[in-house]
Amino acid sequence: MKIKSITLHVISMPLKKPFVTHLQTVDKREGIIVEVEDDDGLRGLGEGVAFSTPWYTEETVKTSYHILKDVLIPLVNSKPFQHSVEIGKRFEAVRGNAMAKAALEMAVWDLYARQQQTPLWKLIGGVREDILAGAVVGADNAQMMVKQTEELVNEGYQRIKLKISPGADVEIVKELRRHFPALSLLADANSAYSLEDKAHLQALDEYDLEMIEQPLGIDDLVEHSLLQKEITTPICLDESIITPHDMKSAIHLGSCGVVNIKLGRVGGYLSALEIYRLCQEHHIKVWCGGMIEFGVSRAHNLALSTLEGFSIPGDISSSSKYWEEDIITSPIVVENGVVKRLDGAGIGVELNRKRLNSVTMMKETFSSD
Ligand code: OSB
Ligand code: MG
């Protein structure tokens with residue numbers, strides 16, 4: 001594959017309404033759109049999903065930019081390669097920085113698929129035509145959460161994920177369950193608890209949650225395994241699973257029954273596909289996690305979610321859930337609880353240049369020679 005140039009667009013867009021977690025309220029989203037161009041003018045797209053501050057993982061927009069510019073782009077340009085798989089392998093020489101790696105690796109996969117004139121979902125072995133949609137509710141009170149859930153259920157979402165934290169948990173889940181007795185609900189704690197909260201977490205078992213996402217700390221694979229023996233609600237890991245090795249450890253320990261896979265968090269397709277394979281082999285359920293992302297990352301999430309094992313609705317929502325106007329020409333739309341897979345070459349979406357330019361704060365192009 002011959003890369004002619006790589007462009008980084010740093011963008012910033014306000015959310016339609018603030019997204020509240022116990023760690024951070026997000027009301028404006030910054031991100032990096034990566035564009036990789038070959039000699040024939042074909043372009044592959046990726047998206048850096050690190051936030052402006054290190055509240056979810058240690059990366060930020062600025063650290064991603066630095067790693068992309070000073071480490072990963074030079075590595076891509078350092079020697080020729082035949083297939084996007086080689087880029088994921090090459091990046092293994094760089095420690096950490098999963099989101100920066102994913103942003104560029106995704107773009108190379110998209111370009112590779114476009115060069116083959118095939119959809120990316122097909123290239124990775126996808127089969128699903130309808131991607132199951134789920135949405136996340138993050139607000140600072142139960143009443144607001146009920147209202148948001150009502151709207152989302154009316155829009156057709158098949159599953160709702162509630163953000164919880166100590167003091168904003170049992171009552172919220174109880175209230176939501178009272179309003180929506182048969183709805184598929186899960187709770188995401190973003191590591192707000194410790195093993196000392198065991199009794200409190202056990203109190204959630206009676207509300208028939210599909211799962212509880214990342215109740216304990218990022219490094220707490222052992223503690224999650226101990227907790228799972230004490231609660232009936234399946235544990236789903238998010239922040240704790242960055243590498244296939246983390247996944248192997250979680251499997252050995254019995255730390256979870258479910259994993260949400262995010263391309264950004266795990267460093268791109270090579271790692272995501274290996275984590276997926278391990279989960280399939282060990283009967284761990286998977287679904288695709290969200291990052292309040294723009295259309296490029298949404299399109300990649302759809303490609304990943306066509307894999308057979310993505311049988312649970314993910315954080316897959318319409319572009320309009322967060323954005324007045326997305327940066328792609330055809331926004332992602334949930335209809336009847338699903339998003340149709342995108343059948344164009346690569347990820348199947350194109351940039352809306354006008355919109356992209358209007359939200360761009362900074363842009364830099366690196367040519368390979
Ligand atoms: O913990 O899953 C999470 C968003 C940003 C950072 C972390 C998480 C989330 C979400 C998904 O909950 C929200 C979405 O993209 O719809
Ligand atoms: Mg989560």
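Analyst: Let's start with a term: domain bounds here come from an automatic or database domain assignment. On that basis, the protein is divided into domain 1 (3–118 + 349–367) and domain 2 (122–340). Keep in mind that this is a predicted model, where local features need pLDDT of at least 70 and side-chain atom pairs count only at pLDDT 80 or more, while totals for chains, interfaces and linings use all residues. Residues are numbered from 1 along each chain as its sequence is written, chains are lettered from A and ligands numbered from 1 in the order in which they are written, and side-chain values use heavy atoms, with hydrogens and water left out.

The centres of the two domains, taken over C-alpha atoms, are 23 Å apart. Contact (heavy atoms within 4.5 Å) links 45 residues of domain 1 with 47 residues of domain 2.

Now for the ligand. Both domains give residues to the shell around ligand 1, so it lies between them. There are 18 residues around ligand 1 (a heavy atom within 4 Å), and Lys163, Asn190, Lys262, Ile292 and Tyr322 come nearest.

Next, the polar contacts, meaning pairs of N or O atoms within 3.5 Å. A polar backbone atom of Ile292 is 2.8 Å from an oxygen atom of ligand 1. For the side chain of Lys161, an N or O atom is 3.0 Å from a ligand oxygen, and for Met291 a backbone N or O atom is 3.2 Å from one. As for cover, ligand 1 has 390 Å² of accessible area on its own (Shrake-Rupley method, 1.4 Å probe), and the protein covers 99% of that.

Key
Polar contact = N/O pair within 3.5 Å; in protein donor to acceptor, adjacent residues only side chain to side chain.
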